[in-house]
Amino acid sequence: MSEAAPQLSVDSATGIDVTLPLAGAGARSYAFVVDWHVRVVLGLAWYGAAGLLYNYLRDGGLSVAPPSDNEPRWFGAVLVPALALYFLYHPVLELIMRGSTPGKRLAGVRVVTRDGGAPSAGALLVRNVFRLVDSLPLAYGLGLTLVALTREHVRCGDMAAGTLLVYESSSAALAVTPASTAGALDVASAELIAELLTRWPLLTAPARAALARTLLGRCGRSAEELAQLDETALRQALIEATRPQGEAR
Amino acid sequence: MSADAGRSALAHALLKRAPLWQEAEARARRFRSGRSDDPAEAARVADDYRLLAHDLARARLLLPRSRAREYLESVYASVHATLNHGGWRLGATLEKLFREEIPASMVWLAPYLAWATTLFVLAAAAGYALVDRFPELIALFASPDLIASVERGKLWTEGLLNIAPSSVLSVQILANNIVVSLFAYCSGFLFGLGTLYILGLNGLMLGAIFAYVAQHGLGGALASFIVAHGCVELSVMCLSGAAGAAVGEALMRPGSRGRIAAFRAAALRSGAVLVACAVLLVGAGLIEGFVSPDPRIALGIKIAIGVGYWLFMLALLSGRLWPPQGSR
């Protein structure tokens, strides 16, 4: 028997807890690797394009090599933006995308507070500042160790910021479409039929037959057709009416 | 058989409501992103919340291992967060940070700041006394190039602009200062010991170098170099040290809460100040690159810039840069 995945459970006003499955080291690493590639590509793309343009405008050459002297314009237009793209990618994007990044979105995870809400700007910044600690001694060694060892799969930055990484289901995962349920019962009828089938043995024969005919009439069966069905056939017809016409799992 | 048929009927009826869930998700997303603030729509989000709670309870019972349940859990959590935490607007979030969170953190950090400043000043005094008494110890604190320059009767800061332009210098300095400041904070994670080390070491170095240049008659020149950017730079160093010390104390003495809960509370409360520190260090780096090494700028102007920027820092950290909420 497999152990249930750890999840975040939050009380709600409706009495139905909010539960979110917690992401582990795999989802975290996947998101990080995607984000790392994105920021490397973005940084290099900026460096390449801006460097090429800079050198072309400067002396007509097609090169990305830095000028021999420390030119402030090259520094400000080429190098600093490229480094900013690389180093500020996580804090800025998490702020703008409310605890998400392209990598996290691809991995189907997002950062939330311990009550399931979006983290504050302060929390997101603290979470990212502590990357300095999590990345020690190298390759996020401490962070990954903590994720593997802690019950909630959190790294040091998450502990400091009070955040968790949770899975987020998208509507694409919902394998139900209106087409697959077309022609089926409406909710009220389905609930009534379920109730009637549950109480079938408790009701008198005339009462359950009358109720069955009324409910099957709502499902489009004609009165003449229903009048010819005996009690057993009526019950069978009720069961048939509840069968889905196309179904997800 | 009847019970199974009933469950099947309910499950099927439940799945028919998927379009309603998708509408609820889209509505919640519009509210969260601040694209809608219509009261009627808000009321519908509240209705969605009840509908989703009802359907989720059913789905947990009838379809416990289905994607529909997973999706419902996610949408329900999303609507719950929207109703309980409101929409997310970057501008409002940052305004709240600077207007409320940073001033509140500063009040809480005041005792830590006093201790961190005391430690820094004592370390600086110790460094000064040490090198003043034993000049040869400067080799422990300063690079050979710096020592050689001072022995030639010149500050290493002279002609700095001939080596690198102001913009290059500024970026190098501010990046270095921000990293040191963040490390001073993060190293509080080592039960505060890392923070104490960084504060103490920086204080010792500052005092030692001042003592050494003073012995060579360059103390005034170094002070005039430092005054424009140093007031804020050194204050920020003490501030990030104070934040790190608060984190360290929470780990060492968590009180009635658990150690992790205390650490989280301290890191969150003190962490807000780091945003202000980073912003202030960008300004200090620009001053250090453009103003401090420029011999054409008079000392009086440098002092005015240093004091003015320090007063700006006080206003920023105390929240006085923004008018009170009610007066707008």
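In which hand, left or right, does helix 5 of chain B cross helix 11 of chain B? In this predicted model, helix 5 of chain B passes helix 11 of chain B in a left-handed crossing.

**Helix 5 and helix 11 of chain B**
- The two helices pack with their axes 8 Å apart, at an angle of about 120°.
- Because angles of 65 to 115 degrees count as roughly perpendicular and those over 145 as roughly antiparallel, helix 5 of chain B is oblique to helix 11 of chain B.
- Helix 5 of chain B brings B:Leu97, B:Glu101, B:Ile102, B:Ser105, B:Met106, B:Trp108 and B:Leu109 to the contact.
- From helix 11 of chain B come B:Arg269, B:Ser270, B:Ala272, B:Val273, B:Val275 and B:Ala276.
- Sorted by class, this contact has nine nonpolar, two polar and two charged residues.

**Where chain B meets chain A**
- Contacts link 59 residues of chain B with 57 residues of chain A.
- On chain B, the elements giving two or more residues to this side are helix 1 (2-15), helix 2 (18-32), helix 3 (39-62), helix 4 (67-85), helix 5 (90-133), helix 8 (166-186) and helix 11 (259-290).
- Helix 4 of chain B gives the most to this side, with 12 residues.
- The residues on the side of chain B that touches chain A divide into 37 nonpolar, 13 polar and nine charged.

**Domains of chain B**
- The domain assignment of chain B gives domain 1 (2-85) and domain 2 (90-327).
- Taken over C-alpha atoms, the centres of domain 1 and domain 2 of chain B are separated by 51 Å.

Note on methods:
Residues numbered from 1 in each chain as written. Chains lettered and ligands numbered in written order. Predicted model: local features only at pLDDT ≥ 70, side-chain atom pairs only at ≥ 80, totals over all residues. Contact = placed C-beta atoms within 7 Å. Helix = DSSP H or I, 4+ residues; strand = E, 2+ residues; numbered from the N terminus. Nonpolar A, V, L, I, M, F, W, Y, C, P; charged D, E, K, R; others polar. Domains from an automatic or database assignment. Axes fitted to C-alpha atoms, helices over the stretch in contact; angles between N-to-C directions. Parallel < 35°, antiparallel > 145°, perpendicular 65-115°, else oblique. Left-handed = near helix turned anticlockwise from the far one by under 90°.
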